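Me: I would like to learn how to read a protein model feature by feature, with the cut-offs stated as we go. Could we begin with a single side chain and work outwards?

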Amino acid sequence: TGTGLLAFAAAHLWPRAAITATDIDLKAIEVTRDNATANGVEGVELIVADGALADSITQRAPYDLVIANILAGPLVSMAPELAAIAAPGATLILAGLLETQRAAVAAAFAACGCVLEAAD
């Protein structure tokens, strides 16, 4: 799952970080948990949540790094909640969108006080 791959990569890059991975799909979380066990990945908190404002997510906020790999539509609609869980000066990495969708996503996050630093 995308959630698992991103969480495993983050755990590898920052082994002392507290990592929380979420997905709307319970099966994706179960598969991620199984793969974490099979690959010896530890320290990743896995949460089933519909959006970033679930209590299990906000209780761990603020986050220094937020990575969201979903479609442009959900990124636009979730901009306020993703910005709300980010610490001041946090980095948000947004992926899963087409080049033609970049402006709309950037505008949604700019309206929440986020500043676009790079787009590749």
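Me: Is Leu-97 buried, partly exposed or exposed, and on what grounds?

Reply: The general idea is a threshold on relative accessible area, where buried means under 20%, exposed means over 50% and partly exposed lies in between, with a 1.4 Å probe and protein chains only. Leu-97 has 25% relative accessibility and therefore counts as partly exposed. Before going on, note that this is a predicted model, in which local features need pLDDT of at least 70 and side-chain atom pairs count only at pLDDT 80 or more, while totals for chains, interfaces and linings use all residues. Residues are numbered from 1 along each chain as its sequence is written, and side-chain values use heavy atoms, with hydrogens and water left out.

Me: Where does Leu-97 lie, and which residues does Leu-97 touch?

Reply: Elements are DSSP runs numbered from the N terminus, helices being H or I with at least four residues and strands being E with at least two. Leu-97 belongs to the loop between S4 and helix H5 (102-110). A contact means heavy atoms within 4.5 Å, and, not counting residues up to four places away in sequence, Leu-97 touches Ile-70, Ala-72, Leu-75, Arg-102 and Val-105. The C-alpha atom of Leu-97 is also separated by 8.3 Å from that of Asn-69, although the two are 28 residues apart along the chain.

Me: Which salt bridge involves Arg-102, and how exposed are its partners?

Reply: A salt bridge is taken here as a side-chain nitrogen of Lys or Arg within 4 Å of a carboxyl oxygen of Asp or Glu. By this rule the count comes to 2 salt bridges. In one of them, the side chains of Arg-102 and Glu-99 meet at 2.5 Å, N to O. Arg-102 counts as partly exposed because its relative accessibility is 29%, whereas Glu-99 counts as exposed because its value is 56%.

Me: What pair forms a salt bridge at 3.2 Å, and where do its members sit?

Reply: The side chains of Glu-45 and Arg-60 meet in a salt bridge at 3.2 Å, N to O. This pair links distant parts of the chain, 15 residues apart, with Glu-45 in strand S2 (residues 44-48) and Arg-60 in the loop between H3 and S3. Glu-45 is partly exposed at 36% relative accessibility, and Arg-60 is partly exposed with a relative accessible area of 35%.

Me: How should I read the peptide bond from Ala-61 to Pro-62?

Reply: Most peptide bonds are trans. The bond from Ala-61 to Pro-62 is cis, with omega near 5 degrees, and Pro-62 lies in the loop between helix H3 (55-58) and strand S3 (63-69).

Me: Is Ala-21 buried or exposed, and what surrounds Ala-21?

Reply: Ala-21, in strand S1 (residues 19-23), counts as buried because its relative accessibility is 6%. Leaving aside neighbours within four places in sequence, Ala-21 is in contact with Thr-3, Ala-7, Ile-29, Val-44, Glu-45, Leu-46 and Ile-47. Of these, Val-44 is 23 residues away from Ala-21 in sequence and 6.9 Å away in space, C-alpha to C-alpha.

Me: What can be said of the protein chain as a whole, from its elements to its overall dimensions?

Reply: The secondary structure comes to 5 helices and 4 strands, and from the N terminus on the elements run α-β-α-β-α-β-α-β-α. The radius of gyration is taken over C-alpha atoms, and the globule rule is 2.2 Å times the number of residues to the power 0.38. With 120 residues, a compact globule would have a radius near 14 Å, and the protein chain has 14 Å, which agrees. Its C-alpha atoms fill a box of roughly 40 × 25 × 25 Å along the principal axes.

Me: What share of the residues is buried, and what share of the contacts spans at least 24 positions?

Reply: Of the 120 residues of the protein chain, 30% count as buried. Among contacts between residues at least 6 apart in sequence, 64% join residues at least 24 apart.
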